[in-house]
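Colleague: I'm new to this one. Can you walk me through it?

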Amino acid sequence: MSPRTLLRSLCAATAAATALTLTACGAVTAGDATGSDDGSFKIAPYIQQRLDDDKPLRIKLSYHDPSLAFATPISSGMKKAGKEFGADVSLIGPTGGDAAKQVSEIQTLIQQKAVDGLAVSSASSDALKPIISQAYKAGIPIISFNTDNPDSQQMGFVGQDLKGSGKSQAEELRKNLNGNVKGKSVVVFSVDTGAGWSHDRFNGFKEGLDGSGLKIVGPVNVGNEPSSAYNTVESTMSGQSGVVAVAGLDCCSTTAAAKWVAQSGHADKIAMGGFDLLTQTAEYIDRGVLDFTISQNPSEQGYQAVKVLYDFLTEGTEITGVDTGAQFVTRDNLADATVED
């Protein structure tokens with residue numbers, strides 16, 4: 001009997017005695033495509049068979065747009081975990097952030113029984129909820145990473161506290177402002193204002209500015225194509241007056257907005273904060289264009305997404321959330337920070 005089979009035999013025997021111990025064993029029991037009657041998770045028979053046969057676990061991370069620079073460190077962390085645990089890992093997803101294509105790709109994996117553990121980062125929370133439920137009911141361990149789906153049947157979330165990070169960004173911006181800013185403006189940009197992560201981060205940002213007297217303009221959608229994003233920033237800023245601060249809610253709106261601030265000649269008069277630490281972002285920090293950025297540790301997100309699923313499948317470890325934190329990067333600690341692309 002393999003170690004994995006032995007583990008599950010012990011869990012099953014103990015679970016028969018007490019429901020409490022079933023929870024401790026992760027409630028991993030064999031199931032079918034219809035799930036359990038009481039809504040609890042039951043592992044798919046084909047996954048259980050792979051565990052019993054000691055076959056490498058196929059863990060896939062579905063990222064909402066692998067073409068984004070942020071996907072590179074996620075993939076690095078995922079590969080590190082795959083090598084460490086002997087799992088067959090891969091980063092998948094649609095180029096351009098097409099939610100319908102992401103759903104279709106995941107659905108194919110489920111139908112073909114080609115995945116043993118799944119982590120999803122969705123451009124649209126609403127669009128992904130049904131497919132998360134489908135995976136859960138099919139007995140596939142499923143979590144969210146990078147972007148949360150709190151109202152779905154996800155079994156856990158690996159990533160940054162999005163609302164909390166948005167609030168922290170606003171609070172830090174306020175510290176970088178000088179004099180009376182009542183009636184002045186802060187302009188906020190996002191690559192996708194319709195995405196759930198953008199809503200969460202912006203809601204936190206608004207909370208962080210409560211009582212500041214600042215007028216919020218945006219969030220303005222810029223998209224993820226660099227030249228188009230910059231053009232949107234430029235046209236938006238040309239129609240503004242009294243701007244004392246600019247914020248990017250993600251990697252690519254941050255670099256687009258920082259480029260405008262740099263070329264405007266007003267970097268010394270405009271406070272700016274962003275997210276993530278691309279090479280270009282680090283350059284803007286070093287030049288004093290960008291006061292700070294917030295790293296969400298994408299490599300750790302990729303690593304922990306694999307680890308959480310692997311530990312659940314092989315050890316019965318209960319899935320809980322993993323907060324990968326929010327690191328402020330400024331010129332003072334830039335040399336010690338890890339660039340994310």
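Modeller: Here is a quick tour, from the overall make-up down to single residues.

Modeller: Keep in mind that this is a predicted model.

Colleague: Got it. How many helices and strands does the protein have?

Modeller: There are 12 helices and 12 strands.

Colleague: And what percentage of the residues is buried?

Modeller: Of the 341 residues in the protein, 53% are buried.

Colleague: What about contacts between residues 24 or more positions apart?

Modeller: Take the contacts with a separation of 6 or more. Residues 24 or more positions apart account for 73% of them.

Colleague: Let's go to the open sheet. What is the strand order?

Modeller: It has 6 strands, in the order β7-β6-β8-β9-β10-β12. The pairing is mixed.

Colleague: Which strands stand at the edges?

Modeller: β7 (215-221) and β12 (327-329) do. Each has a single partner strand, so one side of each is left without a neighbour in the sheet.

Colleague: And the twist, what does it average?

Modeller: From one strand to the next, the twist averages 20°.

Colleague: Which residue of β9 is the bridge partner of V246?

Modeller: That is M272. A247, in turn, stands opposite G273.

Colleague: Is β9 enclosed or open? How many of its residues are buried?

Modeller: 5 of the 5 residues of β9 are buried, so this strand is largely enclosed by the rest of the structure.

Colleague: Which way do they point?

Modeller: A271, G273 and F275 point one way from β9. M272 and G274 point the other way. All are buried.

Colleague: Which strands does helix α7 lie across?

Modeller: Helix α7 (residues 162-175) lies across β6 (185-190), β8, β9, β10 (292-295) and β12. Its angle to β9 is about 160°.

Colleague: New topic: helix packing. At what angle do α10 and α11 pack?

Modeller: About 35°, with their axes 10 Å apart. Helix α10 spans residues 251-264 and helix α11 spans residues 279-287.

Colleague: Left-handed or right-handed crossing?

Modeller: The crossing of α10 and α11 is left-handed.

Colleague: Which residues make the contact?

Modeller: From α10, T254, T255, A258, K259 and A262. From α11, Q280, T281, Y284 and R287.

Colleague: How many are nonpolar, polar and charged?

Modeller: The contact of α10 with α11 has 3 nonpolar, 4 polar and 2 charged residues.

Colleague: Last stop, S90. Where does it lie?

Modeller: S90 lies in strand β2, which covers residues 88-92.

Colleague: Why does S90 count as buried?

Modeller: Buried means under 20% relative accessible area. S90 has 19%, so it counts as buried.

Colleague: What else does S90 touch, leaving out residues up to four places away in sequence?

Modeller: Besides K60, S90 touches I59, L61 and M78.

Colleague: Where is M78? Buried or exposed?

Modeller: M78 lies in helix α4 (residues 71-85). This methionine is buried, at 1% relative accessibility.

Colleague: What separates the C-alpha atoms of M78 and S90?

Modeller: They are 7.7 Å apart, with the two residues 12 apart along the chain.

Notes:
Residues are numbered from 1 along each chain as its sequence is written. This is a predicted model: local features need pLDDT of at least 70, side-chain atom pairs count only at pLDDT 80 or more; totals for chains, interfaces and linings use all residues. Side-chain values use heavy atoms; hydrogens and water are left out. Helices (H or I, at least four residues) and strands (E, at least two) are DSSP runs, numbered from the N terminus. Buried means under 20% relative accessible area, exposed over 50%, partly exposed in between (1.4 Å probe, protein chains only). Contact means heavy atoms within 4.5 Å. Axes are lines fitted to C-alpha atoms, for helices over the stretch in contact, and angles run from 0 to 180 degrees between N-to-C directions. A crossing is left-handed if the near helix is turned anticlockwise from the far one by less than a right angle, and right-handed if clockwise. Ala, Val, Leu, Ile, Met, Phe, Trp, Tyr, Cys and Pro count as nonpolar, Asp, Glu, Lys and Arg as charged, and the others, Gly among them, as polar. Two strands pair if DSSP finds at least two bridges between them.
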